[in-house]
Amino acid sequence: MQFPEYMRLNFPGLLLGPDLFHSWPVGIRFELNRNHWPHVEWEAVLQRACTLYEAVFRSGDSGFIVSGHEFEFERKRSGPGKLPELRHSVFALSRKYHLGLHGVAGRQRSTTYQDRETSIITTFRWAEMQAHQIGY
């Protein structure tokens, strides 16, 4: 199943974008750091994040890794302009840090805001993977 179809079936009406936490009636927030910035205990943050990941996903579970990037541009009188390619996505980071993501399975661009002079285009890229394959 492709990601857009999955979202349509399981989360009808939900639009991905900024402030996703407040866009759906159900949300869970976890505090990973015991202290306030800049006194971050990174080992404690990593330990808590790994514990949560292992508690949420069973060995056979699969899910989607989704990377979204917004690009804002002003319309020029000569035409709509060209969108840049996304180079710093979670998939690019995966190659650099060996996170186990196997590449982009799909990509979709959506206009998430538009007025007469400005458009915000969001590019979503996704891959479906087994939870245990991700180098969390």
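Author: Start with one residue pair. Thr 111 has Ile 121 as its bridge partner in E3. Arg 107 stands opposite Arg 125 in E3. This is a predicted model, with residues numbered from 1 along each chain as its sequence is written. Local features need pLDDT of at least 70, side-chain atom pairs count only at pLDDT 80 or more, and totals for chains, interfaces and linings use all residues; side-chain values use heavy atoms, without hydrogens or water.

Reader: What makes E2 and E3 a pair of strands?

Author: A strand is a DSSP run of E, at least two residues long, while a helix is a run of H or I of at least four; both are numbered from the N terminus. Strands pair if DSSP finds at least two bridges between them. Strand E2 (residues 106-114) and E3 share 8 bridges, in the antiparallel sense. The 8 bridges meet the requirement of at least two, so the strands pair. E2 and E3 form a hairpin, with 3 residues between them.

Reader: What is Ala 127 in contact with, beyond its neighbours within four places in sequence?

Author: Contact means heavy atoms within 4.5 Å. Ala 127 meets that cut-off with Gly 63, Phe 64, Ile 65, Phe 91, Gly 103 and Ala 105. Its C-alpha is also 6.9 Å from that of Val 66, 61 residues away in sequence.

Reader: How do you know whether Phe 124 is buried or exposed?

Author: Phe 124 has a relative accessible area of 12%, so it is buried. Phe 124 also belongs to E3. Leaving aside neighbours within four places in sequence, its contacts include Leu 16, Val 66, Ser 67 and Gln 108. Phe 124 and Arg 109 are 15 residues apart in sequence, with 6.2 Å between their C-alpha atoms.

Reader: Why is E3 called largely enclosed?

Author: Of its 13 residues, 11 are buried, so the rest of the structure largely encloses E3. Across the protein, buried residues make up 24% of the 136 residues.

Reader: Which residues of helix H3 are buried, and what makes them one face?

Author: Phe 91, Ala 92 and Ser 94 are the buried residues of H3 (residues 90-97). Seen down the axis of H3, they fall within an arc of 155°, so they line one face of the helix. That arc is taken over the directions from the helix axis to the C-beta atoms. Lys 96 and Tyr 97, on the other side of H3, are exposed. Just after H3, His 98 takes a positive phi of about 55°.

Reader: What puts Pro 12 in its accessibility class?

Author: Pro 12 has a relative accessible area of 53%, so it is exposed. Its place is in the loop between H1 and H2. Not counting residues up to four places away in sequence, Pro 12 touches Met 7 and Trp 24.

Reader: Which elements line the largest pocket, and which gives the most?

Author: Helix H1 (3-10), helix H2 (42-56), strand E1 (62-74) and E3 each supply at least two lining residues. E1 gives the most, with 5 residues.

Reader: How many residues line that pocket?

Author: The lining holds 30 residues; Phe 11, Leu 20, Phe 57, Phe 64 and Val 66 lie nearest the centre.

Reader: What is the order of the elements along the protein?

Author: From the N terminus on, they run α-α-β-α-β-β. That order holds 3 helices and 3 strands.

Reader: How many of the contacts with a separation of 6 or more join residues 24 or more positions apart?

Author: Such residues account for 58% of those contacts.

Definitions and conventions: Buried < 20%, exposed > 50% of the residue type's maximum accessible area, 1.4 Å probe, protein only. 1 Å grid on protein atoms, 1.4 Å probe; cavity = no way out; pocket = protein on both sides within 12 Å on 5 of 7 lines; lining within 4 Å.
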